[in-house]
Amino acid sequence: MSNTNYNQNDEVSLKDLITRIKDFFNEVIKYWWIVSAFCLVTTAGFLYNHSQHETEYVAKLRFVVEGQSSQAGGLRSLLGTFGIKRDGGLNPYKIINVGRSTDILIKVLNKSTKGSIVANEIIETYNLREEWTNKENDFTNYSFPNTLNLDAMSLDDKKVLRNFYSMLWGTEKNRDDCLSTIELDENTGIYLLQTKSLSEELSLDITNEIYDNITYFFETAVFENQLKSAKILELKADSIKQLRESKVMELARIGDSSRGLFTQMGKSKQTL
């Protein structure tokens, strides 16, 4: 008896479900114009977003810096040239600071590419002349100088350099929308350097130039500085050696003179 009631209730539920589905389709057909309008608006929004989307090209490079502790002496004397404090011991995050330094930024911006330089390629790719131009500043015909002298920079060049730095590296508080990032995986000690831009060649040029300059700094400049320090110490050692030898010779002369004086005095007594 219970099985019969269960089947009847189950059959009623199925009929109710079918009825509800039919009612739903009837409502859709009845208000077809609303459904069509919703579909058209949704499709149009999707197509618009797709048309406005700009493809971004990402260049990634991973590297490891070895022997940091042995290079600490040379690094401390060189980090000052990059505007980095030299107090405390060398730590891996100073490598990141070197990569973000203004000195390397200028070298990246002056890198030759497509018959121009990276700085002007960024300006063209992102249409920055129009963005930077306002009532107070006119960058309509601006081009970044091929050779940049920090001591002889114009006011416009200084403004552009600051804009480039913010665009490339962001700020301490926000680095989400910047073109380049450099991060350290503390577990593996591997650095990840990547650049994301609207140009594939631009992404590659920026990433490679940053890496080349970091490599030069830690593999060449540091050892050159250590060599200079060694030569200075060698010169100081030679000076100390010469000074010591001159003092020894002076003492020897004084000793010889004293012995001669005593000899003469002894002869005088014998004569008397």
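How many salt bridges does a search of the whole structure find? The search finds five; a salt bridge here is a side-chain nitrogen of Lys or Arg within 4 Å of a carboxyl oxygen of Asp or Glu.

1. Basis. This is a predicted model, in which local features need pLDDT of at least 70 and side-chain atom pairs count only at pLDDT 80 or more, while totals for chains, interfaces and linings use all residues. Residues are numbered from 1 along each chain as its sequence is written, and side-chain values use heavy atoms, with hydrogens and water left out.

2. Three strands form an open, antiparallel sheet in the order 1-5-4. Strands (E, at least two residues) and helices (H or I, at least four) are DSSP runs numbered from the N terminus, and two strands pair if DSSP finds at least two bridges between them. Strand 1 (57-63) and strand 4 (180-185) are the edge strands, each pairing on one side only. Strand 5 (residues 190-197) pairs with strand 1 over seven bridges, in the antiparallel sense. In this pairing, F63 stands opposite Y191 of strand 5. Strands of a sheet pair through backbone hydrogen bonds.

3. Side chains of opposite charge can pair when their charged atoms come close. E56 and K196 form a salt bridge at 4.0 Å, N to O. E56 is in the loop between helix 2 (32-52) and strand 1, and K196 is in strand 5, so this pair links distant parts of the chain, 140 residues apart. Buried means under 20% relative accessible area, exposed over 50%, and partly exposed in between (1.4 Å probe, protein chains only). E56 is partly exposed at 43%, and K196 is partly exposed at 34%.

4. D103 and K107 are both in helix 5 (residues 102-109), four residues apart, or about one turn of the helix. Their closest N and O atoms are 3.4 Å apart in a salt bridge. A further salt bridge joins K111 and E209 at 3.7 Å, N to O. K111 is in the loop between helix 5 and strand 2 (112-113), whereas E209 is in helix 9 (residues 200-271), so the pair ties together parts 98 residues apart in sequence. K111 is partly exposed at 24%, but E209 is buried at 15%.

5. Helix 6. Six of the eight residues of helix 6 (residues 118-125) are buried, so this helix is largely enclosed by the rest of the structure. Among the buried residues are N120 and E121. N127, which follows helix 6, has a positive phi, near 50 degrees.

6. Aromatic rings. W132, F139, Y142, F144 and F164 form one aromatic cluster. Rings of Phe, Tyr and Trp (its six-membered ring) pair if their centres lie within 6.5 Å; planes under 30 degrees apart count as stacked, over 60 as edge-to-face and the rest as tilted. The whole structure has six aromatic pairs. One of them, W132 with F139, is edge-to-face, at 5.8 Å centre to centre and 70 degrees between the planes. F139 and Y142 also form an edge-to-face pair, at 5.5 Å and 80 degrees. F139 is buried, with a relative accessible area of 3%; W132 is buried at 10%.
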